[in-house]
Amino acid sequence: MAKETKLNGCARYAWFLLGYNILVILWGVFLRSSKSGDGCGQHWITCNGETIPSAPQLKTVIEFSHRIMSALDGVLVLILLIFAFVVWRKLRTPGAKYSLYAAILSLFFVATEGAIGAGLVLTGNTAETLTFARPFWMAGHLVNTFILLACLTLAAWFAGGGGRLSLKLSGTVKGVLVLGIFGILLVGVTGSIAALCTMLFPSGTLSEGLASDFSSTSNVLLRIRPAHPFIAVLSAVYLVFASGWLKRESGNDAGVSRWSGILSIVLLCQLAFGAATLLTLAPIVMQIGHLLLADAVWVSFVMLAANLLASRNVVDQETVGTSLP
C-alpha cells in the first residue's frame with residue numbers, strides 16, 4: 001500500500017505539471033496574438049538589457065511573465081525528474097523505471113523548448129516581423145511542444161501504474177498510429193501558420209479573408225492558410241474512425257475504449273470550435289480555446305496509444321505464457 005501511494009504521488013505531480021505546461025503554452029498564444037513577442041526586444045536572457053525590466057510597457061510585462069513561467073517550468077520538470085528517480089530507487093517497478101525515462105526526456109525537451117523560444121527572440125522573429133524562416137521556427141516550436149506534452153503524459157501514465165509498452169504490432173496497426181501522429185502534427189503546423197497569418201494580415205470580414213486567401217497577389221502564407229481547415233477536417237474524420245478501429249483491435253480493452261471515446265468527443269468539440277473561430281475571425285480568446293482543445297486531442301491520442309500498446313503487451317505475454325511447455 002505504501003508503494004502504491006508513493007507511485008500515485010509521482011503521478012499526481014506529473015499530471016499537475018502537464019496542466020502547468022498547457023497553461024504556459026496558452027499564455028504563449030496570448031503573447032503571440034497580442035503582438036507582445038518583442039516586449040523584451042532582441043534580448044535574451046535579459047529583457048531589454050535588464051535583468052528585471054524597469055518602467056515596462058504592457059507588452060514587456062506579457063513577454064517577461066512568459067519567460068518567468070517558462071523558467072519555472074524548467075525547475076518543475078527537474079523536480080519531476082528527482083521525484084521519479086527517488087520513486088524508482090525505492091520501488092524498482094517497471095512503471096517507476098519508465099516514468100523516470102519519460103521524465104528525463106521531458107527535461108530534455110523543455111530545454112529545447114526554451115532554446116527555440118530564445119532563437120525566435122534573438123533572430124527577431126517575433127510580433128509583426130515576417131521573415132522567410134519564421135514559419136519554420138514556428139513549426140519546430142509546435143512539434144517540440146507536442147513531444148514535450150507526450151513525454152509528460154507518459155511520465156504521469158507510467159507513474160500511475162501504466163504497463164510496459166509493446167511494439168509487437170501488426171503493420172496495419174503501426175501504420176494507423178503513425179498516420180494519426182503525422183495527421184495531428186500536420187494540423188498543428190498548418191494551424192500555427194494560419195494563426196500567424198491572422199495576426200499579420202487581419203481581415204475585417206470573413207469574405208475579405210477568403211478573398212485574400214485565394215488572391216494570386218497575396219503573401220504565400222495566406223494562400224497556404226486554407227489548407228489548415230481542410231487538413232483538420234480530414235484528420236479529425238480519420239482519427240474518429242481510427243480510434244474506433246483500434247478499440248476493436250485491442251479486444252475492447254477498458255483503457256483503450258475509454259480513451260477512444262474521449263478522443264472522439266474532443267475531436268468533435270474541436271471541429272465545432274474551429275468553425276466558430278473561423279466565423280468570428282479568430283479573436284484571441286477563441287485562438288486560446290482552439291489550441292487548448294488541440295492539446296487535449298494530442299494528450300488523448302497519446303493516452304489511447306499508450307493503453308493500446310500496453311494491452312497488446314498483455315496479449316503478447318499471455319500468448320507466450322500459454323505456449324510454454
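Start by selecting Cys10, which is buried at a relative accessible area of 1% (buried means under 20% relative accessible area, exposed over 50%, partly exposed in between, with a 1.4 Å probe and protein chains only). Before moving on, some housekeeping: this is a predicted model, where local features need pLDDT of at least 70, side-chain atom pairs count only at pLDDT 80 or more, and totals for chains, interfaces and linings use all residues. Residues are numbered from 1 along each chain as its sequence is written, and side-chain values use heavy atoms, with hydrogens and water left out.

Now select Cys40 and Cys47. A disulfide (a pair of cysteine sulfur atoms within 2.5 Å) joins the two, S to S 2.0 Å. By that rule the count comes to 1 disulfide.

Next stop, Arg225. Look for it in the loop between helix H7 (220–224) and helix H8 (227–249); helices are DSSP runs of H or I, at least four residues, and strands are runs of E, at least two, numbered from the N terminus. Is Arg225 buried or exposed? With 13% relative accessibility, Arg225 counts as buried. Show side chains and you'll find a polar contact of 2.7 Å between Arg225 and Asp213 (N or O atoms within 3.5 Å; within protein, one must be able to donate a hydrogen and the other to accept it, and residues adjacent in sequence count only if both atoms are side-chain atoms). Leaving aside neighbours within four places in sequence, Arg225 is in contact (heavy atoms within 4.5 Å) with residues including Ala194, Cys197, Thr198 and Gly209.

Last, select Leu154, Leu165, Ile181, Val302 and Leu309. Of the 25 residues lining the second largest pocket, these lie nearest its centre. Helices H3 (94–122), H4 (134–159), H5 (171–200) and H10 (284–323) each give two or more residues to that lining. H4 gives the most, with 7 residues. A pocket here is an open set of points on a 1 Å grid over the protein atoms alone, where a 1.4 Å probe fits, with protein on both sides within 12 Å along at least five of seven lines; lining residues have an atom within 4 Å of a point.
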